[in-house]
There are 2 protein chains.
Amino acid sequence: METTRNTTTESEPMRIVVVGGVAGGMSAAARARRLDERAEIIVLERGAHVSFANCGLPYHVGGEIEDASELLLRTPESLRAALNLDVRTGHDVIGLDTEAKTLTVRTDAGTEPLRYDALVLSPGARAVVPPVPGLDSARVRTLRTVEDAVALRRSADLGAEKAVVIGAGFIGVETAETLANRGLSVSLVELAPHPLPPLETEMAQPVAAELRRLGIDLRTGTAAAEVRPGPDHDVVVLNDGTAIEADMIVLSVGVRPDTEAFERAGIACERGAIITDEHGRTSAPGVWAVGDAVASRDAVTGARRPVALAGPANRAGRLVADDILRPGSARPIPRPVGTTIVRVGDLTAAFTGANRASLEDAGIGFHTVHLHPKDHADYFPGAETLHLLLHFREGDGLLLGAQAVGREGVDKRIDVLATALRAGMGVADLIDLDMAYAPPYGHAKDPVNLAGMIGADVLDGTLRSWHAEELDRVLAEALVLDVRTRSEYDEGHLPGSMLVPHVELRERLDEVRAAAAGRPVRVLCASGVRSNLAHRLLAQEGFDSASLSGGMRTLRAALGDGVLSRSTLAERRG
Amino acid sequence: METTRNTTTESEPMRIVVVGGVAGGMSAAARARRLDERAEIIVLERGAHVSFANCGLPYHVGGEIEDASELLLRTPESLRAALNLDVRTGHDVIGLDTEAKTLTVRTDAGTEPLRYDALVLSPGARAVVPPVPGLDSARVRTLRTVEDAVALRRSADLGAEKAVVIGAGFIGVETAETLANRGLSVSLVELAPHPLPPLETEMAQPVAAELRRLGIDLRTGTAAAEVRPGPDHDVVVLNDGTAIEADMIVLSVGVRPDTEAFERAGIACERGAIITDEHGRTSAPGVWAVGDAVASRDAVTGARRPVALAGPANRAGRLVADDILRPGSARPIPRPVGTTIVRVGDLTAAFTGANRASLEDAGIGFHTVHLHPKDHADYFPGAETLHLLLHFREGDGLLLGAQAVGREGVDKRIDVLATALRAGMGVADLIDLDMAYAPPYGHAKDPVNLAGMIGADVLDGTLRSWHAEELDRVLAEALVLDVRTRSEYDEGHLPGSMLVPHVELRERLDEVRAAAAGRPVRVLCASGVRSNLAHRLLAQEGFDSASLSGGMRTLRAALGDGVLSRSTLAERRG
């Protein structure tokens, strides 16, 4: 007999049980109440707190959010009063019978069954703990709960002076920054070649520089091999043998869906993440799932992967409640584009959509453009450089991803590009966006418009660009034409490159033709503006020419300042 | 014989003449050079400067942009060097023969003809000077050119103490602010009932308050009737007889297309603005037009009106060059959505798309939602209130317009909404936008997502709202239910309203039913959050209920603080 009921009658209210009282789960519960005043809505939370500000945890560790109670957005009491929700903390779901529609719930008082009509799973994710000896030391902690944040804060309050943060993803970087701001000596260890691994190398370089400017000892391309506990402090030993003393160690190397009990109950999963349809329905009738534990489909590549972001979780929770209580009329849950942002000192780094690696994995052909405009009108005080990157599809120009790093205006551009990406815009459509312009805020040609102009020119062949990864071949096979000024050139340039300042190029074409001697000409300038102009001139004069995307700024960032100056860049200072 | 040629041969380069060397005209010239190295490109500018930062002029007057040379983005010399453009300042076009493809150009040296193959008209707009006696006083100036800005700045430098700015549109407000920052005593006179007339009343109220906080003597609903020049100062007499002394007077009551010579030559115009097709082509073959002088079609209402914004002008200039040099393959010029922004003290005010008046003029039925979230996570330091308004179409929810005012994050939300509007999104699509979230930047449910959630609920009837303009009828016919706390209520409330704090409502429904006695129930709270929840509860319990859009914050702003507290609001302080 089918027992799922999607309407509540006066005599027999529907019972909706939500497992997990943060973000997605709580959004589902709140929306359910707004749609159905009489439903019985029970929220089961394993931890001591519901509806807490997950994303604020690092800022409590460092004291930027002074009072931990600020992180508790709601309490069971306030949720009862405002929304008549039955919120039960300290309730751990250890079993599920989808046939009998019953959960097994463990509390301090023992184990009890709980019947449901509709079940929403929002169990979230647990911190990954790699098999490194010594990670069970009392000085090691992950950062997933309010208790974690309070404990780490206490370590700092009690006089910890040296911290090691393992993992330079978003939470690791935030935690390292906030501890450094508090005056601790901080080492930040990352296995990838640069911090914030989803960023492209050339975009992450300013972030690495900013972390170092903050006094953080950044160690990339390495990992913790062992933690050696000691009486006064622990020692973190890295792969390369380096030993770092630590009064506190924050482990932040990723999360995995916390779904064992549900997978055991037969809920279909893929690598531990719950598989759902576009309405959040799992493989079991009457069971929905949302949040970090779900294998979402990436909006750009279609790849299935968990997305550990509060925004998509909240919105999915709301739509799941719609599907439970208004079956047939709920809008589908959108595929996340995965917009992410982090503050690093005075910088902001953010991205939306796919990066190079995920596009290559998905076999999608794409172009990339780089630019370095100011965040607002250059002539208005306070303008700061904004590093911007765009990936778009070969052929039709569909937007695929964007990244930005800078001091001002990063969040705005990434949010606009996330919106354009969600709308399915092509790169040329960015030219047409009417962004708000007054000198303190932007440009008559906003960086987003400019990115569209450059991208559209690349797409239709008006502009041909070359990239840092082609450098070796370019140096071997082409004439490198540097169109900057003499003084810029003298500050450092590629070996064998020919200097012809852009404004002299029209008069000196014969010289360039002689020097090229039939080879391709690969043009560069500081940021790509002048080399794009030079390319247009050369291309119309019959040269096989291309312009370096993002200029020397992007090239230096892609190669690392050290590499470029040591081995590739001919220095002729003074 | 057809003489228009759209390709340049070696023997006979195409001559492109651009009239007007700012924004749209200069963009057309620069793009033309990038597309055609051999074309002859001549730019004729009546004034002394080309490519200057129009939008920066007010900030030079007040000294925020210290050096006027900062406003000169390009010079004829730099344009010659970089782009091989033939830029001629002091060249005024006084005649056009579209048959002979010849312009008549006046310079200090006399008058001469100039042949063209393709002509781009970008003459811009002149300041409107109303028929008010005394506006020819030497102390009165408009603000359209670098010379104007320099002259006004000089007045301030020479000790002007009292300024009157006539017109509180965007430029008037910027000028008043910058003069007040410089220490002048400033009066700002506006005929409309509030500053920044395109804003809705309830959005303009915080702007008016901020102008007053800056010490500006704001006079709305009145106009200058006369300027009486005197030896030491002028006197501006307003409609109501008030006389204001002024050492300098800035006239900023609007602009009109500067097209007389072209209209006389037979170029089709509408109320002085040049009519173009989607590629910028005028009624005469071989003649294009862009910028403030063109009658653009509004992206939302389809109404034809000049749009005096640099961004759309620049982009149209680029597309006109494409149409001249790549006929048949140029993208159409997008209809402007008219995104506009202004800084006012510590506030930013911005809008995109249509406002209430233009929607009513166009006969488009719409809903409006108001909300007052924080710009970023409430629990993270520095969160500021953001006032946000959205108009969307009845029936399908198509976005029509948005306005925002606040201290932080205004430009970002308006740019996202402008992008959504350009993409043709509906209000529910805003829920799905993946905006970048970390506590310093936004919310897991961004204000834009929230606006979408509220709007979608209004659209499908889940939420029913009432608005300030219904207040008289509501007071007469409904039970006003105030669901704030006792202390909020005691600070001021609507006469006859019943206080039932939201958290007590479930228990006190019988009381409300008795008080309503069959009348509709109109709920309100501070900002709309609690009243929306209360509405859902009441509606499900069978009440004829509705929630005040934007709560008391919006109501107070719509009515004006004074009105509400004097006559409508029952004060029971202490």
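Guide: Let us begin with a pair of residues: A:Arg106 has A:Thr111 as its bridge partner in E6(A). This is a predicted model, in which local features need pLDDT of at least 70 and side-chain atom pairs count only at pLDDT 80 or more, while totals for chains, interfaces and linings use all residues. Residues are numbered from 1 along each chain as its sequence is written, and chains are lettered from A in the order in which they are written.

Visitor: In which sense do strand E5 and E6(A) pair, and over how many bridges?

Guide: Strands are DSSP runs of E with at least two residues, numbered from the N terminus, and two of them pair if DSSP finds at least two bridges between them. Here strand E5 of chain A, residues 102-107, pairs with E6(A) in the antiparallel sense over 6 bridges. The open sheet has 3 strands in the order E4-E5-E6, with strand E4 (92-97) and strand E6 (110-115) of chain A at its edges, each pairing on one side only.

Visitor: Which rotation superposes chain B on chain A?

Guide: Two copies of a chain are related by a rotation about an axis and a shift along it. For chain B on chain A the rotation is 180° with 0.0 Å of shift along its axis, at an RMSD of 0.0 Å, superposed by least squares on the C-alpha atoms of residues with pLDDT of at least 70 in both. That is the relation of a two-fold axis.

Visitor: What pLDDT does chain A average?

Guide: On this scale of predictor confidence in each residue, from 0 to 100, chain A averages 94, but residues 1-8 of chain A stay under 50. Where pLDDT is low, the predicted coordinates should not be read in detail.

Conventions
Side-chain values use heavy atoms; hydrogens and water are left out. Contact means heavy atoms within 4.5 Å. Helices (H or I, at least four residues) and strands (E, at least two) are DSSP runs, numbered from the N terminus.
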